[in-house]
Amino acid sequence: MNTAMQQIDMTRLPQHIAIIMDGNGRWAKQRGKERVYGHAVGVESVRAITEAACELGLRFVTLYTFSTENWNRPKAEVDTLMNLLTENLVAELPTFMKNNIRLLAIGNLESLPAEAQNRLDNCMNETAGNTGLTLVLALSYSGREELVHTMRQMAQQVKDGTLAPENIDASLVDRMLYTAAIPDPDLLIRTGGEQRISNFLLWQSAYTEFYFTPVFWPDFRKEELCLAIKEYQSRERRFGKTSEQIALK
């Protein structure tokens, strides 16, 4: 057991950790490599963090795998990312089954290449009965687009007469988001030194604790995850209440 893990209170683990996996390209450039090399090594971090999450007993981990804005990157890089996604969905399926991991995906999945969609659907179907960690991939995802999609759904229901405007509330929005079956993240980690959430889980992060680290994603492994959880556990989560009210619980 590593040092940071020994310092974690296993009774107060976050239920859901979301991660913005940033810094692959910069990590590669520092080593005189092409950006795509960083993405390939970043896959190893995904594997390591997934294994660590299983070991810790986390319930949900959501990875910001590919944003809608990422489609604007050079075609060669986008193609590499899609190929990595397709290849690893196939390669990791036996590991998911062995470790009782359920795979889910959120985002505009129809915009993915057909092969990626097919592999993703197969992996989600095969792991649907697993009851351990739920690994969520945010693919072709945009927090704003998710909210617009939800608003359009509600507007259509109002137009059809199946939804009264006065019945629209926060709980209804929750049920209509891509993340309807997923609890809001307790902790959001961003690697790579940037301090913004880049259109990720905008509604769901209303009371999420943020943790920013300069460590690039290819170097982010179990020890770094444990440090983030340790920092999370040092904070008081009040959800709009006072410290005194929290203490009375």
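Predicted model: local features only at pLDDT ≥ 70, side-chain atom pairs only at ≥ 80, totals over all residues.
Strands here are DSSP runs of E with at least two residues, helices are runs of H or I with at least four, and both are numbered from the N terminus; two strands pair if DSSP finds at least two bridges between them.

Let me turn to individual pairs. Strand 1 (residues 16-20) and strand 5 (residues 187-190) run parallel, joined by four bridges. Isoleucine 19 has isoleucine 189 in strand 5 as its bridge partner. Strand 3 (residues 102-106) pairs in parallel with strand 4 over five bridges, and isoleucine 106 stands opposite alanine 138 in strand 4.

Now, the largest pocket. A pocket is an open set of points on a 1 Å grid over the protein atoms alone, where a 1.4 Å probe fits and protein lies on both sides within 12 Å along at least five of seven lines; lining residues have an atom within 4 Å of a point. Its volume, the space filled by probe spheres set on the points, is about 940 Å³. Of the 43 lining residues, Met21, Asn24, Tyr64, Thr65 and Phe66 lie nearest the centre. Helix 4 gives the most to this lining, with nine residues.

Finally, some notes on method. Residues are numbered from 1 along each chain as its sequence is written, and side-chain values use heavy atoms, leaving out hydrogens and water. Local features need pLDDT of at least 70 and side-chain atom pairs count only at pLDDT 80 or more, whereas totals for chains, interfaces and linings use all residues.
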